[in-house]
Amino acid sequence: MISNFETLSFSVVDEVGVLVVNRPDKLNALNIQVLRELKGALTELKSAPIRGLIFTGEGEKAFIAGADIAEMAPLEPGEALAFSELGQLVTLGFESLPYPTIACVNGFALGGGFEMSMSCDFIFASKNAVFGLPEVKLGLIPGFGGTQRLMKIVGERRAKEIMFSGRNVTSDEAKNLGIALEVYADKAQLMSEAQNWFKTTLKNSSVAIFKAKSVMGQGLIEERKMFGDLFQTEDMVEGTTAFLEKRKAQFKGKIL
Ligand code: COA
């Protein structure tokens, strides 16, 4: 399945998928091929037998250094619109995966790279991570959902400041701003801590995590409905029964 793509690699460790953009000679810049392959991979990943996803870039220098400027430069307006739509579909694809996702950011996460990382549930960063939306330096704006997502994460004023200046945000500042959840010494530690996070979190009910993820941002009516739905699931019966019987829950419920 996902292993057939030219610019992506995919593996599974303990029910957690690891999806890697593999174009290190161009700092994993997102050209149309990478974006198309990501779109295809995300469609497959939606129903893959995994319970979490780590998304990262190949090599030590960059997560993703942005959309591919060489490919973007000659685009006509109509083609640029399609390029932006494709990028937005990819970020929406990450956002709608039915399990938790962590972007492991090592090195540069600029422009479209930062935008991809923001569409994952969390960002774990290494010390050398650099975030930024430098599009204004190219006479552009973020086109893969970054204007909206950054505002949601850091608030309107700070998002404007980062976007209008196009400046770099260090890993420590990213943590202070709530962009990165954690900062680790290097890429090896970053990857192993992401796996550890899943080891702990996936002891919880994947069904309930999926519902919690779906409901965030959708308002109280949806929350009430999801809450009610969960009362028909084996996981809810097991979770509450185990608590009352003072034992650890053994969750087995399927998402779909
Ligand atoms: N699009 C296309 N190619 C890119 C790229 C991008 N966004 N980012 C890096 N590359 C390519 C470089 O052109 C270079 O290719 P080459 O070896 O064939 O010349 C290769 O990746 C290595 O990058 P280089 O610039 O030599 O590395 P560096 O360490 O000197 O600088 C950056 C690293 C990230 C500061 C610099 O590459 C950069 O500014 N990239 C663009 C970032 C950006 O504006 N992103 C938003 C795009 S909308």
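This note sets out points on helix packing, domain arrangement and salt bridges in the structure above.

1. Basis. The model is predicted, with local features requiring pLDDT of at least 70 and side-chain atom pairs counting only at pLDDT 80 or more, while totals for chains, interfaces and linings use all residues. Residues are numbered from 1 along each chain as its sequence is written, and side-chain values use heavy atoms, with hydrogens and water left out.

2. Packing of helix 1 and helix 3. Helix 1 (residues 32-46) packs on helix 3 (residues 77-95) at an angle of about 35 degrees, and 9 Å separate their axes. Axes are lines fitted to C-alpha atoms over the stretch in contact, and angles run from 0 to 180 degrees between N-to-C directions. Helices (H or I, at least four residues) and strands (E, at least two) are DSSP runs, numbered from the N terminus. The crossing is left-handed, that is, the near helix is turned anticlockwise from the far one by less than a right angle.

3. Residues of this contact. Helix 1 contributes Ile 32, Leu 35, Arg 36, Leu 38, Lys 39 and Leu 42, which meet Phe 83, Leu 86, Gly 87, Leu 89, Val 90, Gly 93 and Phe 94 of helix 3; contact means heavy atoms within 4.5 Å.

4. Domains. The chain divides into domain 1 (8-201) and domain 2 (206-244), with bounds from an automatic or database domain assignment. Their centres, taken over C-alpha atoms, are 29 Å apart. Ten residues from domain 1 and four residues from domain 2 make the contact.

5. Domain interface. About 500 Å² is buried between domain 1 and domain 2, and carbon and sulfur atoms give 53% of this area. Buried area is the accessible area (1.4 Å probe) that two parts lose on being put together, summed over both. One salt bridge is counted between the two domains.

6. Salt bridges. The structure holds 13 salt bridges, each a side-chain nitrogen of Lys or Arg within 4 Å of a carboxyl oxygen of Asp or Glu. Lys 213 pairs with Asp 121, their closest N and O atoms being 2.9 Å apart. Arg 51 and Glu 15 form another, at 3.4 Å from N to O. Arg 51 lies in the loop between helix 1 and strand 3 (52-57) and Glu 15 in the loop between strand 1 (8-13) and strand 2 (16-21), so this pair ties together parts 36 residues apart in sequence.

7. Phe 210. This residue lies in helix 9 (residues 206-215). Not counting residues up to four places away in sequence, Phe 210 touches Pro 98 and Ile 255.
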